[in-house]
Every structure is written in structure tokens, then in C-alpha cells.
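User: I have a model open and would like to go through it. Can you take me through some contacts, pockets and a helix?
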Amino acid sequence: MLSAYLEVIRMRFLMMLAYRVNYYSGILIYALNIGSYYFVYKAIYGEQAIIGGLTLGQMTTYVAISWMGRAFYFNNLDREIASEIRDGSVAIQFIRPYNYVFVKMMQGLGEGLFRLILFTTPGMIFIWLLLPIQFPTDPSLWVIYFVMLFLSFLINTQLNIITGLFAFFLENNEGLMRMKRVAVDLFSGLIIPISFFPGWSKSVLEWLPFQAITYLPSAVFTGKITGTAIFQNLGVQVLWFLVLIIPIYVLWVKSKTRLFVQGG
């Protein structure tokens, strides 16, 4: 069975490879986004050395690593699942000898690996040539960051799967998917670091899974989070991964009694 799941990863990787020109152009688009944020934050900082616990150099690195990390963990599994539910093709998945949810996660991983190798890595080098990015010099910090980035992928994918499975109950969950995407980008710290939020809202966000997607790994990479706090925040990511398994399991079990096909 493991070989079957590995084949799923390979097939999705090859499928993405067939349309790789789109991702090469995406590097330029992401570079423009990162450059725009850099000049905005440079103007915000002005003469101030530190804002929200980050220097301008750390903020530049935070913005770059956050957006390039997004290229790895981002996927459209929620839309894929919702589409398969609406057209009824998900029904065939019930009789196949594998777990549908796990297959979707492996497809997302294949897409993420493609983006990591052919988008994130060259994109980060390209941005490094343009902006004053401060890479960590400790090799162990790189290892920890990639572990946290992988957990970011798992948590974001779990949220996508949960959102997609709601199509069993809502029939059209387009609004829910859009709300989820905005919530992830805003509350994960991609657009604004969590440390920049007011005290009360920061406390609320710390109880939600979104910070585990972008803010925690990026804050570790930039040196905002150091020492034993790194492993505490790594534990937060692991905890959210385990917690999100529960609603996925409940939704998948309940959804098997909700399937109906629209149209002919």
C-alpha cells in the first residue's frame, strides 16, 4: 500500500511538471509581492530599529521566507474535493482499496515537493540577489525550519480537506473556501506577522491553528523565536496536526451517508 501512495506523489509531481512554465512565471509574481512588502515595511520602520520584536532585516527575511514557504504548503485540495463531491465522482473512491483522504494528502505532497524544488528554491535565490535577506548560519536551524515547514503543509492541507468535505453537507461551499483562504493568509501571519497584532487579538490567534502554518516556522527562521521556545512551538504544530485529525475523521465518516449526485 505504501508503494501505491508513493506512486500518487510521483504522478502529481509529474503532472505539475507538465505545466512548469506557470510556476516559473510565478517566481516573478512572488518576487514582486515580496518586493512590494519590503518597501512598505521599510517606510513603516523609518528610523525605528525594531517593531513587533523584528528588525527591518528580520522583517525582510520574514516576508521572503513566508511567501516562499507558502509556495510549498499551498494547494487547492479543497476545490478538488468539492468538485469531485458535486459531480459524484467521489463515489468511486468509496470502493477503492485506499483511503481517499490520505490519497488527497499525498497528491498535495507531490504538488508541494514540485513547488519546493522548482519554485521555492530558485525563487528564494532570486529574492536573495535582490533584497538584504539574512539566512541563519546554524545548520540545525535549517533542519528545524524544514521540519516545521512540513508540519505547515500538513496543517494547511488538513484545513483544506475539512473545508472540501463540507461540500457533502453544503452542496456549494464556495463561500466557505474563500473565507478559509482569506483567514489562512491573514491570521497565519503571511500578510502581517502575529507579533504586529494588538495584544487581545494576538492572544486569540495563539489559540487558533493558523499561526502554525506561517508565523511559527518563519519566526524561528528569522530568529524571532529562539532557544527552548523553538521546540515549544514545534510542539504546538504537532498538537494542531493531531487535533485536526479528529474533525477530518468525523466528517469523512458522516459524509458517507450524505453522498448524492447532482445532474445525470
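Analyst: We can start with a side-chain pair: Arg 70 and Tyr 30 make a polar contact through their side chains, at 2.8 Å. A polar contact is a pair of N or O atoms within 3.5 Å; within protein, one must be able to donate a hydrogen and the other to accept it, and residues adjacent in sequence count only if both atoms are side-chain atoms. This is a predicted model, where local features need pLDDT of at least 70 and side-chain atom pairs count only at pLDDT 80 or more, while totals for chains, interfaces and linings use all residues. Residues are numbered from 1 along each chain as its sequence is written, and side-chain values use heavy atoms, with hydrogens and water left out.

User: Which helix is Arg 70 in, and is Arg 70 buried or exposed?
Analyst: Arg 70 lies in helix H3, residues 56-73. Helices are DSSP runs (H or I, at least four residues), numbered from the N terminus. Arg 70 counts as buried because its relative accessibility is 11%, where buried means under 20% relative accessible area, exposed over 50% and partly exposed in between (1.4 Å probe, protein chains only).

User: What is Arg 70 in contact with, leaving aside its neighbours within four places in sequence?
Analyst: Tyr 30, Asp 185 and Leu 190. Contact here means heavy atoms within 4.5 Å.

User: Which residues line the largest cavity?
Analyst: Arg 70 is one of them, along with Tyr 73, Phe 74, Asn 75, Asn 156, Asn 160, Lys 180, Arg 181, Val 184 and Asp 185. H3, H6 and helix H8 (174-187) each give two or more residues to that lining, and H8 has the largest share, with four. The volume of the largest cavity is about 80 Å³. On a 1 Å grid over the protein atoms alone, a cavity is a set of points where a 1.4 Å probe fits but cannot get out, and a pocket is an open set with protein on both sides within 12 Å along at least five of seven lines; lining residues have an atom within 4 Å of a point. Grid points are joined across faces, edges and corners, and a volume is the space filled by probe spheres set on the points.

User: How do the residues of that cavity lining divide?
Analyst: Into three nonpolar, three polar and four charged. Ala, Val, Leu, Ile, Met, Phe, Trp, Tyr, Cys and Pro count as nonpolar, Asp, Glu, Lys and Arg as charged, and the others, Gly among them, as polar.

User: Pockets next. What is the volume of the largest pocket, and which helix gives the most to its lining?
Analyst: The largest pocket has about 240 Å³. H11 gives the most to its lining, five residues. The lining includes Phe 241, Ile 245, Ile 248, Tyr 249 and Trp 252, and by class it has nine nonpolar, two polar and no charged residues.

User: And the second largest pocket, how many residues line it?
Analyst: It has 14 lining residues, with Thr 120, Thr 121, Met 124, Trp 142 and Phe 146 nearest its centre. H5 supplies the largest share, five residues. The volume is about 170 Å³.

User: Back to H11. Which of its residues are buried?
Analyst: Among them are Ile 230, Leu 234, Trp 240, Ile 248 and Trp 252. Their cover includes H5, H6, helix H7 (167-170) and helix H10 (215-222). Leu 242, also in H11, counts as partly exposed because its relative accessibility is 47%.
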